[in-house]
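Here is a quick walk through the model you have on screen. Keep the viewer open and follow along.

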Amino acid sequence: MDGAFFSLLVDELRDVSIKEHMAVVFRYVDKSGDVIEMFVGIQHISDTTSNSLNEAIDTLFSREELNISMLRGQGYDGASNMKGEFNDLKTHILRENPCAYYIHCFAHPLQLALVVVTKGNADIATFFTSCNSLVNIVGASCKRRDMLRDQLEKDIMEALEKDTLPTGRGLNQETCLKRPGDTRWNSHYGTLLSIIYMFKSVVKVLKLIIEDDSTDNISEANRSLRDIQFFEFVFQLFFMRFILGVTNDLSQALQRKDQDIGNAITLVKDCKDQLQHMRENAFEALLDQVSSVMWTKVEM
């Protein structure tokens, strides 16, 4: 780093033995004017209290012979599993160096807001639990993933023969049900898109699993089959696809390296306008989409 000013990025993680660690990244500008992000390493911590985090940071600075007076920024994700301890760490560092400004990721508060709001609604929380269960059952083994892939291929060929499937570059490619990530709420958007795209094929695969006497989770497959054929599930599927689609676009835009606070505020306003328009004018179109899927289900 050659004596350059730098910023500190820290996140908490656990290994397979459930031991707490702290991942550390330094960010600085070299003499050529290039922004460098350097992964320093993983520091073991006894727990995630602010005192342990402070001691770990002090030990790291001492080992790397760094002066805290050269620190110009600190960033943490503010996740709830840290119980606010990073706030105390931030305050501790600011006491020693008022120039070490705290920077919060633009996109992360959006992710946290989506998680809190969604988990606060019992129906939507149950819906996502059903989606996770569906992905786990269909993707439980290579055999089942192959079953879904083969069934999807058959359904695509049938639709092409009937000329009922849009064609073009990037369409109708081989895919699978996408597994959502617990810490990235926008990953659920990909899960919903894959369920909608393969809805007909997923229903058929679930029926095949139930008919297979050798399987050991017929009850889970049967429950998922009943869940996804209810109007409520299909409605919530398309409803959350729209909500997460709008917020996913915002999330991706907020993560751009050249993003500034003025443009970020404009993007948030545009997102709110889209959601408001959906509430006031797009409900009938949503019901039409749901009805088309329910009609397809009846035909099957």
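Let's start in helix H5 (residues 142–161), where Arg149 and Asp146 sit three residues apart, about one turn of the helix. Their side chains meet in a salt bridge, 2.6 Å from N to O. Arg149 is partly exposed at 26% relative accessibility, and Asp146 is partly exposed too, with 36%. Bear in mind that this is a predicted model.

How many salt bridges does a search of the whole structure find? It finds four. Three of them are listed here.

| Salt bridge | N to O distance | Relative accessibility of the two residues |
|---|---|---|
| Arg149 and Asp146 | 2.6 Å | Arg149 26%, Asp146 36% |
| Asp273 and Lys269 | 3.2 Å | Asp273 41%, Lys269 51% |
| Arg63 and Glu64 | 3.4 Å | Arg63 49%, Glu64 37% |

Asp273 and Lys269 are both in helix H10 (residues 261–281), and because they are four residues apart, about one helical turn separates them. Exposed means over 50% here, so Lys269, at 51%, counts as exposed, while Asp273 at 41% is partly exposed.

Now slide along to Glu65. This residue is in the loop between helix H1 (50–63) and strand S4 (71–75). Glu65 has a positive phi of about 55°, although it isn't a glycine. That stands out because most residues other than glycine have a negative phi. Is Glu65 buried or exposed? It is exposed, with a relative accessible area of 73%.

H1 itself lies across strand S1 (6–14), strand S2 (20–29) and S3, and runs at about 50° to S2. Those strands belong to an open sheet of five, ordered S3-S2-S1-S4-S5, with mixed pairing. Strand S3 (35–44) and strand S5 (101–102) are the edges: each has a single partner strand, so one side of each has no neighbour in the sheet. S4 and S5 run parallel and are joined by two bridges, and Gln74 stands opposite Tyr102 in S5.

On to the rings. The structure holds eight aromatic pairs. In one of them, Phe127 and Phe233, the ring centres are 5.1 Å apart and the planes are at 55°, so the pair is tilted. This pair links distant parts of the chain: Phe127 is in helix H4 (residues 122–138) and Phe233 is in helix H9 (residues 231–254), 106 residues apart. Phe127 is buried, at 2% relative accessible area, and Phe233 is buried as well, at 5%.

H9 has another pair to look at. Phe231 and Phe235 are stacked, 6.1 Å centre to centre with 20° between the planes. They are four residues apart in helix H9, so about one helical turn lies between them. Phe231 is partly exposed at 39%. Phe235 is at 19%, and the cut-off for buried is under 20%, so Phe235 counts as buried. Ring pairs also link Phe231, Phe235, Phe239 and Phe283 into a cluster.

Among the elements, H4 has the highest mean pLDDT (89) and helix H2 (residues 85–96) the lowest (74). Over residues 168–174, pLDDT stays under 50, and the model has eight contacts beyond four places in sequence for this stretch. Where pLDDT is low, the predicted coordinates should not be read in detail.

Notes
Residues numbered from 1 in each chain as written. Predicted model: local features only at pLDDT ≥ 70, side-chain atom pairs only at ≥ 80, totals over all residues. Heavy atoms only, no water. Buried < 20%, exposed > 50% of the residue type's maximum accessible area, 1.4 Å probe, protein only. Pairing = 2+ DSSP bridges. Contact = heavy atoms within 4.5 Å. Axes fitted to C-alpha atoms, helices over the stretch in contact; angles between N-to-C directions. Phe/Tyr/Trp six-rings, centres within 6.5 Å; stacked < 30°, edge-to-face > 60°. pLDDT = per-residue confidence, 0-100.
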